[in-house]
Amino acid sequence: MSLPLLFTPLELRGLTLRNRIVVAPMHQYAAVKGFPTDWHLMNAGRYAAGGVGLVMMESTKVERRGCGTVGDLGLWDDAFIPHLQRIVDFVHQCGTAVGIQLGHSGRKARTGRPWEGSRPLTADMGIDDWDAWDLVAPSAIAADDKSPVPRALSTAEVREVVEAFGRAAARANAAGFDTVEIHGAHGFLVHEFLSPTANQRTDQYGGNEANRRRFALEVAECVRANWPQDKPLFMRLSVDDDAGWSPADSVVLSRELKAVGVDVIDCSAGGMLARPVSSTPIGYGYQVPFAQRLREEAGIQTMAVGLIVHHDQAEQILREGKADLIALAREMLHNPNWAFDAACKMGIEDSFSLIPPAGGWWLQKRMAAMPSLMTSTHERKD
Ligand SMILES: Cc1cc2nc3c(=O)[nH]c(=O)nc-3n(C[C@H](O)[C@H](O)[C@H](O)COP(=O)(O)O)c2cc1C
C-alpha cells in the first residue's frame, strides 16, 4: 500500500514535517501580561504528543497595543523568549515541529474574551497599563457600531509596526521556533490595510490596490529579513472577506508574497464583517476552494483549514491537489490525538511511533494482543 499523502513528510526549505497535519493557530486567552503559562505548555504539548507534524501556536502580538484581549501572548520584548523556548523544547521532544503566528489586532484590539462576550474593554476596568493599549488602525473607522473608533497610524508609525513584526520574528527564531506565520486574516491589522472598507488612507499605504497591499508585503519582507533563510515562512489570509477583498485579490497578493519569500499561504476567510463570508456556506471543508485556487493560480503551496474533520476527507483534499497541508483547529480540541488516530485508521505501519513511548509502547502491545482493536466497533467479538 502506498503511504497516504497525509503521512508523507513535507520539506519546506530546511524543515521536514513528519506528516501534513497541522494544528491551526488557536488563541488560548491564557497569557499573563503577554507571557505564556503552563496552560500553553500543556496545550501545545498535547497536540505534539498526539502525533501532528506541526503545531502553529496562536496569534502572538508584536506590540503591546496589538493585543486583542488581556490574555494575548506577546513577543514585543526579549523577556518572552525563554518562556516560549520552554514550550518549543517540549514540542521538539515529541518529534513535532512548532511555529508561532505573529499578529496585531489593530482596530479589533482591547476586547473581552469570547466567552465573556468579546465586548470592547474600557478605561474603568482596572487594567494597569491601559494607556499603552492604544487602539490603532489604518484609518479612523470603527470595526462595527459597538466598537470605539481607532486612531489612524501616521505614515512613520506604520513603518514602526512593520519593524515590530521583524523584531518579533527574530525573537521567535531565538526561542527556537521552526516557522512563523504572519496573521494577515480575520479583520486584524494586516487585513485592515488590505481592505478598502477599513483602509481609506491617502498616503502610500492606502488608496489604490497596490498601496493597500504595501503594508502586508513590507511586513512579509521585514519578517523574511529577520528570519533564517532555511526556515519556512507562512502567511494566513482571509482569501475572501465579502467586504471588498476577493479571491482574485488574494491571488495577486500571494504571487507577490511568494516573490518576497513566503512559502505557504494558510487559506482562511472572513473577519472584516461580523457575519461569515456568503460565498462559502459553512460546511465540511468550506474554505478548501480558496486553498485550491491560490495553489493553482499563484503557484504557491497552500494550507487548507475550516471544518476538516475526518482523515479520509483530509487525504482526499491532498490527493486532489487542492492543498499541501491540512490544518485543524476545533477538531483538535475534540481529539488532540487526531493524527495518531488517523494513522491507526489508515493502517500506517509505525503509527505507534508518532506518539511518545509512554503511550505508544503500551498501545502497540494492546493492539498486538487484539489486532482489530484500533478499527473495530463494539460489535466485533475478537
Ligand atoms: C479557540 C480558537 C482560537 C482561535 N485563534 C486563532 C488565532 O489565534 N489565529 C487565527 O488565525 N485563527 C484562530 N482561530 C481560527 C482557527 O485557526 C481556524 O481557522 C478555524 O477555527 C476554522 O478551522 P476549524 O473548523 O478546524 O476549527 C481560532 C479558532 C478557535 C476555535
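## Helix packing and ligand surroundings

Helix 6 passes helix 7 in a right-handed crossing, that is, with the near helix turned clockwise from the far one by less than a right angle. The model is predicted, so local features need pLDDT of at least 70 and side-chain atom pairs count only at pLDDT 80 or more, while totals for chains, interfaces and linings use all residues. Residues are numbered from 1 along each chain as its sequence is written, and side-chain values use heavy atoms, with hydrogens and water left out.

The axes of helix 6 (residues 247–259) and helix 7 (residues 288–298) come within 9 Å and cross at roughly 55 degrees. Helix 5 (residues 209–225) packs against helix 6 at about 40 degrees, with the axes 10 Å apart. The crossing of helix 5 and helix 6 is likewise right-handed.

Around the ligand there are 16 residues, of which Pro-25, His-27, Gln-101, Leu-307 and Arg-330 come nearest, where a residue counts if one of its heavy atoms lies within 4 Å. By class, this shell has seven nonpolar, six polar and three charged residues. The table gives polar contacts, meaning pairs of N or O atoms within 3.5 Å.

| Residue, N or O atom | Distance to a ligand oxygen atom |
|---|---|
| His-183, side chain | 3.1 Å |
| Ala-329, backbone | 2.9 Å |
| Arg-330, side chain | 2.6 Å |

Taken alone, the ligand exposes 610 Å², and the protein buries 83% of that, with areas from the Shrake-Rupley method and a 1.4 Å probe.

Terms used
Polar contact = N/O pair within 3.5 Å; in protein donor to acceptor, adjacent residues only side chain to side chain. Nonpolar A, V, L, I, M, F, W, Y, C, P; charged D, E, K, R; others polar. Axes fitted to C-alpha atoms, helices over the stretch in contact; angles between N-to-C directions. Helix = DSSP H or I, 4+ residues; strand = E, 2+ residues; numbered from the N terminus.
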